[in-house]
Each structure stands twice: as structure tokens, then as C-alpha cells.
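Please look over the sequence and the three-dimensional structure shown here before reading on. The briefing that follows is grouped by topic.

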Amino acid sequence: MKKEQGSSGKSLTELDEIVELSYLYDFYGALLKENHRAVFEDYILNDLSLSEIAGERKITRQGVYDIVRRCRIKLKEYEDKLQLVHKFQLTKEKLKKIETIAGQGADKEAAAAITKLAEDIYDII
């Protein structure tokens, strides 16, 4: 079975993993060691190769790989325990439902107020 390719040449499963790791990093990145955070950002967010990062940081490619792997494991452990990303996504889904229901209501003023509250909550989260 052939994997679909995204525009960057990475498979969709790799892109899905990058999106997931980006979310995890947004929520838990501050909990990583500063050096690990910088390497992880370069690899996941800045799309640098292991070799490019190794050259910039004067460490081995294997060293970069190990840091990225440890960060991936740590971020997933944090999510398994705290579930912040999961709760965030559920909240977004519920807000979409609220906006949909508000848009179907006959009372346009109440619908506008509910939609405004939903938007305010989006801004908070």
C-alpha cells in the first residue's frame, strides 16, 4: 500500500505526527529542558533535518535523534497524565456545536450574544 505524500514530501502519517507533536509542544513545551526544547523546535517546528541541527549545535546526528525521541516521549507522557490537548479539542468541538445551535435559533439577538460568548471562549483557550 502506497502512502500519500504531502507537499513537503512527507507522508500524511508523518504530517499527522508533526501536527500532534506541535499541539503537544504548545501545551507542554515549557516543561522540557531548554536545550531539548531548542532542538525539538528546530526539528518539528522549523523542519530542519537531524544533520542540520547536529551541525549547528556541534553534536552528533544520533544525539539530535535521541533528544527528539526523548522529547516526543515526554510530551506524550504529559498528555497521557494531564489530557490538556484532549480537553482543548473537546472544548473547541463543543463551542462549534454551540455556535451552530445559536445560528439555528429564531432569536437573532440571543444567537448573536451566544456566538459572541463562544468567540470569547475561543480567545481564552
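Predicted model: local features only at pLDDT ≥ 70, side-chain atom pairs only at ≥ 80, totals over all residues.

Residues are numbered from 1 along each chain as its sequence is written, and side-chain values use heavy atoms, with hydrogens and water left out. Helices are DSSP runs of H or I with at least four residues, numbered from the N terminus. Residues are called buried under 20% relative accessible area, exposed over 50% and partly exposed in between, with a 1.4 Å probe and protein chains only.

- In soluble globular proteins, nonpolar side chains tend to be buried together.
- Apart from neighbours within four places in sequence, F40 is in contact (heavy atoms within 4.5 Å) with L21, Y25, L45, V68, C71, R72 and L75.

**Salt bridges**

- There are five salt bridges in the structure, each being a side-chain nitrogen of Lys or Arg within 4 Å of a carboxyl oxygen of Asp or Glu.
- One of them joins the side chains of E17 and R72, at 2.8 Å from N to O, and this pair links distant parts of the chain, with E17 in helix α1 and R72 in helix α4 (residues 61–82), 55 residues apart.
- E17 counts as partly exposed because its relative accessibility is 24%, and R72 is also partly exposed, with a relative accessibility of 24%.
- E17 and R72 also belong, with K76, to a network of salt bridges.
- Another salt bridge brings together the side chains of R57 and D42, at 3.1 Å from N to O; here R57 lies in helix α3 (residues 50–57) and D42 in helix α2 (residues 34–45), 15 residues apart, and the pair links distant parts of the chain.
- Within this pair, R57 is partly exposed at 32% relative accessibility, whereas D42 counts as buried because its relative accessibility is 10%.
- E77 forms a salt bridge with K74, with 3.9 Å between the closest N and O atoms, and because the two are three residues apart in helix α4, about one helical turn separates E77 and K74.

**Aromatic rings**

- A search of the whole structure finds five aromatic pairs, where rings of Phe, Tyr and Trp (its six-membered ring) pair if their centres lie within 6.5 Å, and planes under 30 degrees apart count as stacked, over 60 as edge-to-face and the rest as tilted.
- The Y28 and Y78 rings have centres 5.9 Å apart and planes at 40°, so this pair is tilted.
- Because Y28 lies in helix α1 and Y78 in helix α4, the pair ties together parts that are 50 residues apart in sequence.
- Y28 itself counts as buried, at 1% relative accessibility.
- Ring pairs link Y23, F27, Y28, Y78 and F88 into a cluster.

- F27, which is found in helix α1 (residues 12–28), counts as partly exposed because its relative accessibility is 31%.
- On the surface, F27 forms a nonpolar patch with L82 and L84, and together they have about 230 Å² of accessible area. Patches are made of residues with over 30% relative accessible area and no salt bridge, with like charges joined within 9 Å and nonpolar side chains (Val, Leu, Ile, Met, Phe, Trp, Tyr) within 5 Å, and accessible areas come from the Shrake-Rupley method with a 1.4 Å probe, where for residues only the protein chains shown count as cover.
- H36 lies in helix α2 and counts as buried at 16% relative accessibility; leaving out residues up to four places away in sequence, H36 touches I67, R70 and C71.
- I73 is found in helix α4 and is partly exposed, with a relative accessible area of 38%.
- From C-alpha to C-alpha, I73 and K108 are 48 Å apart in space, and they are 35 residues apart in sequence.
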